[in-house]
Amino acid sequence: MDDRIPAHLEVSGLIKAVSAEGGFATVLAKGEKTAGTLMIVCCENGTKLRAYERMPQLDGTRAWVLSKSQDTEKPLEFSEYIDRRKRQDSDLWILELDVANPERFIGNQLPQI
């Protein structure tokens with residue numbers, strides 16, 4: 001039995017949580033309402049883009065894994081990656097979180113430098 005919450009509810013909750021912290025969240029692509037997968041694009045003031053996706057782990061869990069970081073010298077590569085993922089998976093939701101330390105909303109903390 002799959003205990004995942006429906007994708008649209010998770011997306012809605014993330015948008016509300018980010019907004020409550022003074023950030024901005026937007027849906028870049030809508031996937032399947034209940035069983036869709038989720039990609040989170042994290043950024044701060046529209047820069048330092050990072051894409052996270054849940055990946056199956058050996059123990060059967062699904063953990064958020066960094067799948068792509070924006071290369072400042074090749075900024076188009078990131079948007080090309082996002083577009084390619086949209087084409088590959090019509091069930092994929094892509095949600096951008098633009099807020100300080102956005103990884104905290106998916107349980108991934110980045111070290112503060």
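Colleague: Two strands count as paired when DSSP finds at least two bridges between them. With that in hand, which strands form a hairpin here?

Modeller: S2 and S3 do, with 2 residues between them. Keep in mind that this is a predicted model.

Colleague: What about Asn 45 in the turn, is its phi positive or negative?

Modeller: Positive, at about 55°.

Colleague: Which residue in S5 is the bridge partner of Val 41?

Modeller: Glu 96. Further along, Cys 43 stands opposite Asp 98 in S5.

Colleague: What does S1 pair with?

Modeller: S1, residues 24-29, pairs with S5. The sense is antiparallel, over 5 bridges. Within that pairing, Ala 25 stands opposite Leu 97.

Colleague: Let's talk burial. How many residues of S2 are buried?

Modeller: 6 of its 7, over residues 38-44. S5 is mostly covered too, with 6 of its 6 residues buried.

Colleague: Which S5 residues point which way?

Modeller: Trp 93, Leu 95 and Leu 97 point one way. Ile 94, Glu 96 and Asp 98 point the other way. Every one of them is buried.

Colleague: What is Glu 96 in contact with, then?

Modeller: Leave aside neighbours within four places in sequence. That gives Phe 24, Ala 25, Thr 26, Leu 28, Val 41 and Cys 43.

Colleague: New topic. How many disulfides does the structure hold?

Modeller: It holds 0. Cys 42 is in no disulfide, and its nearest cysteine sulfur, on Cys 43, is 7.7 Å away. Cys 43 is likewise in no disulfide, with the sulfur of Cys 42 at 7.7 Å. The cut-off for a disulfide is 2.5 Å between sulfur atoms.

Colleague: Why does Cys 42 count as buried?

Modeller: Because its relative accessibility is 0%. Cys 43 is buried as well, with a relative accessible area of 0%.

Colleague: On to the core. Which residues touch the most other members of the largest nonpolar core?

Modeller: Leu 38, Ile 40, Leu 95 and Leu 97, in a core of 16 residues. H1, S2 and S5 each supply at least two residues.

Colleague: Which element gives the most to this core?

Modeller: H1, with 4 residues. There is also a second, separate core of 11 residues. Among its members are Ala 29, Ala 51, Phe 78 and Leu 92.

Colleague: Why might such side chains gather?

Modeller: In soluble globular proteins, nonpolar side chains tend to be buried together.

Colleague: Back to Ile 40. Where is it?

Modeller: In strand S2. Ile 40 counts as buried because its relative accessible area is 0%, and the cut-off is under 20%.

Colleague: What does Ile 40 touch?

Modeller: Not counting residues up to four places away in sequence, it touches Leu 14, Arg 50, Ala 51, Tyr 52, Trp 64, Leu 95, Leu 97 and Ile 106. As for Glu 53, it is 13 residues from Ile 40 in sequence and 6.6 Å from it, C-alpha to C-alpha.

Colleague: Last one, Ile 5. Where is that?

Modeller: In the segment before helix H1, which covers 7-20.

Colleague: Why is Ile 5 classed as partly exposed?

Modeller: Because its relative accessibility is 48%, and exposed would take over 50%.

Colleague: What is Ile 5 in contact with?

Modeller: Glu 10 and Thr 34, leaving aside neighbours within four places in sequence. Its C-alpha is 8.5 Å from that of Ala 35, 30 residues apart along the chain.

How values were computed:
Residues are numbered from 1 along each chain as its sequence is written. This is a predicted model: local features need pLDDT of at least 70, side-chain atom pairs count only at pLDDT 80 or more; totals for chains, interfaces and linings use all residues. Side-chain values use heavy atoms; hydrogens and water are left out. Buried means under 20% relative accessible area, exposed over 50%, partly exposed in between (1.4 Å probe, protein chains only). Contact means heavy atoms within 4.5 Å. A nonpolar core is a set of buried Ala, Val, Leu, Ile, Met, Phe, Trp, Tyr and Cys residues joined through side-chain atoms within 4.5 Å.
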